[in-house]
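Hi there,

Here is the structure I promised you.

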Amino acid sequence: MKFYDAHNHLQDDRFCGRQAELLAECEKAGIARMVVNGACESDWPQVLALARQDKIVLPSFGYHPWYLNERTPDWLQNLKSFLDEVPSAVGEIGLDRWKQDLPYEHQEEVFLAQLWLAAERNLPASIHCLQAWGRLHELLKDHPRPARGLVLHSFGGPAEMIPAFTKLGAYFSFPGYFLHERKLRQRGAFKHVPPDRLLLETDAPDQLLPEDRNRFSLNGADGKPLNHPANLPAVYQGLAEFLGEKAESLTARVEENFMQVFGGIG
Ligand SMILES: [Zn+2]
């Protein structure tokens, strides 16, 4: 079976330069492709280097709302030059009203500039959204969007909004973190995701799976546990069990969905 990771951060410094080893383990685990998301200008070069190193890596470049204050005056031009460098996606971009002390000011303008770029070049955009679902919907509805689709990564929005986002071309990506017992509401929303709009992700090194599902123990330099990107098949397995679907059929339809939105890149 072939597995597709719709969202991770393989370039993350917490992996301490062990990326080649992680990639080898991912290939052994049957992972066919992974979308590696840059989050700010300082990590885009690492994402590009990984894409050049291994075809499994589908690079994505974007400014995540958490790092907006690091942006240089040339950030947008800089982003365009990374997108010109290799076939790639746009992300991680988004809106966040949840994180404490994160100013909301400028989030929308930076998000919209990147959404515009994705629409203009018809590149899939990977979107992070926390506590801003209504506003995100408004912005997406009123602005150009990439025809090939948008990915709502780690979708934790209200189930009632799934039809409205679907209409705008959204795909909904499920992280292993939602397999934790207490994430019942977030997990439950995925019963309402249209079959042809489902994706899965690890979001590695974040969003650890529950201990009994975690297949790889991996720690950062500070000893804190990290999510290994080769945990992806365990995310598929957990969601298949929850949805009451055979793992084979879930895997086949997620492959089709992944190709719809990310196919032909690279
Ligand atoms: Zn992410």
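Let's start with His 7, which is buried, its relative accessible area being 0% (buried means under 20% relative accessible area, exposed over 50%, partly exposed in between, with a 1.4 Å probe and protein chains only). Before going on, please note that this is a predicted model, where local features need pLDDT of at least 70 and side-chain atom pairs count only at pLDDT 80 or more, while totals for chains, interfaces and linings use all residues. Residues are numbered from 1 along each chain as its sequence is written, and side-chain values use heavy atoms, leaving out hydrogens and water.

What coordinates the zinc ion? His 7 (NE2), His 9 (NE2) and Glu 92 (OE) do, at 2.0 to 2.2 Å. Donors here are N, O and S atoms within 2.8 Å of the metal (3.2 Å for Na, K and Ca), and water is not among the atoms, so sites may look incomplete. His 7 sits in strand S1 and Glu 92 in strand S4 (residues 89-96), 85 residues apart. Strands are DSSP runs of E, at least two residues, and helices are runs of H or I, at least four, numbered from the N terminus. Glu 92 is buried too, at 2%.

The whole structure has 12 salt bridges (a side-chain nitrogen of Lys or Arg within 4 Å of a carboxyl oxygen of Asp or Glu). One of them joins Arg 213 and Glu 241, with the closest N and O atoms 2.7 Å apart. Arg 213 lies in the loop between S8 and H8 and Glu 241 in helix H8, so the pair ties together parts 28 residues apart in sequence.

Enjoy exploring!
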